[in-house]
Amino acid sequence: MDRRDFLLRTGIMLASASAYSFGESMKPLIEGKSEKIALVYGTRYGAAEDTAQWIAKGMDTDNVDVLNIENINFDETVQKYDKFIIGSGIWIDGAHKQLMKLLSEHTAVMESKIIASFIVCGTTGEDEAGKGRIEGYFKRFHKPLTVKPKMQRHFGGRMIIEKLSEKDRKLLDNFYKNVLKKEFVSWDRTKPEMAEKFGVELLTKSVSV
Ligand SMILES: Cc1cc2nc3c(=O)[nH]c(=O)nc-3n(C[C@H](O)[C@H](O)[C@H](O)COP(=O)(O)O)c2cc1C
């Protein structure tokens, strides 16, 4: 039995056990090897892309395609895949505009196929204010959807000053100095192992239906 089979079987066993205990019908998020899964991300500076790749690594399957929202044909993509995981970096104006467009233009199909969403941002969620901000980012990200993704996760991103566009650098320089009143320095809060773990969870998670 390879690792994926083991994870799938464990997921199915857990699902059956939970359904038995609680009298609910449980179903694995990912139902089998034949399902084609698209992991669609929106990025500006690469952390959301790296995070998508780490999640896919955790899922350990050939059935996942990691796709940049800027390189896909919406009509083809929504038809081609059985399940979607969507993720985006967060900037002042929210998630990636193209990803928001995909959700707005293909709402019915997308909400029936999205199993999970993730955001990559600077906010850590370590305190109540941060938790509230993250909740707000998800709310805005999911706004076009009437059915929310069954799994959601936030991950730390990164900001490397030398890599920012001039417009973003000026905006953030001003924000750090005048709003946060902190020194404007580069930071990296990405954690590959957390994203990989989320990929494993996606493969083993069962949900009530
Ligand atoms: C212009 C700009 C605005 C940002 N605004 C926010 C914000 O409002 N809240 C937040 O938590 N992080 C914010 N960040 C941090 C980003 O979410 C972080 O850099 C993330 O890694 C971006 O994803 P990417 O690397 O895939 O582009 C901002 C970053 C930039 C460059």
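Which residues does Leu-202 touch, not counting residues up to four places away in sequence? Leu-202 touches Leu-29, Ile-30, Met-59, Ile-85, Ala-116 and Met-151; being in contact here is having C-beta atoms, placed from the backbone, within 7 Å. Here are my notes on the rest.

1. Ground rules. This is a predicted model, where local features need pLDDT of at least 70 and side-chain atom pairs count only at pLDDT 80 or more, while totals for chains, interfaces and linings use all residues. Residues are numbered from 1 along each chain as its sequence is written.

2. Overall make-up. The chain has 8 helices and 9 strands, taken as DSSP runs numbered from the N terminus (helices are H or I with at least four residues, strands are E with at least two). Of its 209 residues, 29% count as buried. For burial, count the other C-beta atoms within 10 Å of a residue's own: 20 or more is buried, 12 or fewer is exposed, and in between is partly exposed. Among contacts between residues at least 6 apart in sequence, 81% join residues at least 24 apart.

3. You'll find an open, parallel sheet of 5 strands in the order 3-2-4-5-6. Strand 3 (64–68) and strand 6 (151–156) are the edge strands, each pairing on one side only. On average, neighbouring strands are turned by 15° against each other, direction ignored. Pairing needs at least two DSSP bridges between the strands.

4. Walking across it. Strand 2 (residues 37–42) is joined to strand 4 (residues 83–89) by 6 bridges, and Ala-38 has Phe-84 as its bridge partner in strand 4. Strand 4 then pairs with strand 5 over 6 bridges, again in the parallel sense, with Phe-118 in strand 5 as the partner of Gly-87. Another 6 bridges join strand 5 to strand 6, where Gly-156 stands opposite Cys-121.

5. Strand 5 and its cover. Strand 5 is largely enclosed by the rest of the structure, because 8 of its 8 residues are buried. Helix 6 (residues 128–141) lies across strand 4, strand 5 (114–121) and strand 6, and runs at about 130° to strand 5. That angle is between N-to-C directions, on a scale from 0 to 180 degrees, with axes fitted to C-alpha atoms (for helices, over the stretch in contact).

6. The core. Back to Leu-202: it is among the residues with the most contacts inside the largest nonpolar core, which has 39 residues, along with Leu-39, Val-40, Ile-55, Phe-84, Ile-85 and Val-120. Strand 2, helix 2, strand 4, helix 4 (97–105), strand 5 and helix 8 (192–204) each give two or more residues to this core. In soluble globular proteins, nonpolar side chains tend to be buried together.

7. Around the ligand. There are 21 residues around the ligand, and Ala-47, Ala-48, Gly-89, Gly-122 and Gly-157 come nearest. Helix 2 (47–59), strand 5, strand 7 (158–159) and helix 7 (166–180) each give two or more residues to this shell; helix 7 gives the most, with 3.

8. Most residues other than glycine have a negative phi. Asp-60 has a positive phi of about 50° and is found in the loop between helix 2 and strand 3; with 15 other C-beta atoms within 10 Å, Asp-60 is partly exposed. Lys-181 has a positive phi of about 55°, in the loop between helix 7 and strand 8 (187–188). Lys-181 counts as exposed, because it has 7 C-beta neighbours inside 10 Å.

Notes
Two residues are in contact if their C-beta atoms, placed from the backbone, lie within 7 Å. A residue is near a molecule or strand if its C-beta atom, placed from the backbone, lies within 6 Å of it. A nonpolar core is a set of buried Ala, Val, Leu, Ile, Met, Phe, Trp, Tyr and Cys residues joined through C-beta atoms within 7 Å.
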